[in-house]
Structure formats: C-alpha cells, structure tokens
Amino acid sequence: MRRCAPYLFGSILTLPIGLHLLCNTSASTLLPMLGALLITYGAFTALKPTLRSGKNPLWGRITVGAPGGITGGLAAFPAAFVSMWCHVQGFDKHRARAIIQPFILVNQLLSLSLLMVLRPPEVMPLGLLFYAAPAVLGAYFGLMIFNRVDTATFNRIVGLLLMAAGIGFVRPL
C-alpha cells in the first residue's frame, strides 16, 4: 500500500469529479467517450510501445493517479493511466499488479461508498446481481491466464479484449 499511496492520493482528489460526471451526464455522451478510452488503452496495452522513463518521481505518481479518480468515479475504470505509467517505468507484471490491484480496490470502494451517500436507491439495483457470477468467473479465468503466460502475451490478450469492448461502446451492436 505504501507504493500505491501517491497514486491513491491523486485519484482521491479527483474522484468527486468523476462521480459528478456520472450522476449528471447522459449515457449517450459518456459511452462513446468511454469507448474511445478503452480503445486507446487497449491498443497501448496490446502494442506495448517501448518507452522507458527510468524515473518514478512522486509528483508523477500523484499526477498519474488523478485521471484515475475521474475515470474510476465515472466508469469504474480507474487503472488505465496508472497501468500505462507502470509500463513506462518498466515494471514487470507482478510489480505493476501490486500497485494496480490495490489502486482499483480502494477506488471502487470509495466510489461505491460515495454513491451510496449521494444516490442511495440508485447504487445497486438487485438485477445487477445476475452479473456477479459471470464477473467472478471472468476474474478467475483472468487469473489463470495471468499465471500461465508471460507479460507480453497477457498484455496483448487484455489489450485486444479492451479494444473490443471499446468498439462496442463507440458503436453499439
């Protein structure tokens, strides 16, 4: 958590912006923007350009966490920028995940907590529980793949899936 703290600090500062956008912007506006973000992040993840910063300044970690607060509150998708930062720093998949997973968890818990205060009846309709089993199953298969393939292959798989999801948001079927 100590390594994740600067990213979290940046995201906590901007999380209210993302939640405000979520609560006050139409889905027809948000979905194409989210789709474009998914396509961009998916392409970056799949292609993994060779970029090496070699520096990991505190101000950089805080700054990279900030857009995660916006996208975390807006679309429950906080880790794209932190993930790209970890790549630029040259972190292997285990070191990156040690930062990214707690970052996602804390952002999700804060977002849900704030949404329960701001919009209690709209936080989680019971119908959403039907998605719980497929989500857990998807996470299980993702972990199986994560542990069996090298970093580059895993990133290509995730990137292609993110791009496909993004295309679905930009151009619904």
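1. The model is predicted: local features need pLDDT of at least 70 and side-chain atom pairs pLDDT 80 or more, while totals for chains, interfaces and linings use all residues. Residues are numbered from 1 along each chain as its sequence is written, and side-chain values use heavy atoms, without hydrogens and water.

2. Threonine 71 belongs to helix H3 and counts as buried because its relative accessibility is 11% (buried is under 20%, exposed over 50%, partly exposed in between; 1.4 Å probe, protein chains only). Beyond its neighbours within four places in sequence, threonine 71 is in contact (heavy atoms within 4.5 Å) with Leu37, Ala76, Phe77, Pro78 and Phe81.

3. Helix H3 covers residues 58-75 (helices are DSSP runs of H or I, at least four residues, numbered from the N terminus). Its 18 residues reach 26 Å from first C-alpha to last, close to the 26 Å expected (1.5 Å times one less than the number of residues). Just after H3, alanine 76 has a positive phi of about 55 degrees.

4. Among the buried residues of H3 are Arg61, Val64 and Leu74. Their cover includes helices H1 (5-24), H2 (27-47), H4 (80-88) and H5 (93-118).

5. Tyrosine 140 lies in helix H6 (residues 132-148) and is partly exposed, at 49% relative accessibility.

Definitions and conventions
Helix = DSSP H or I, 4+ residues; strand = E, 2+ residues; numbered from the N terminus.
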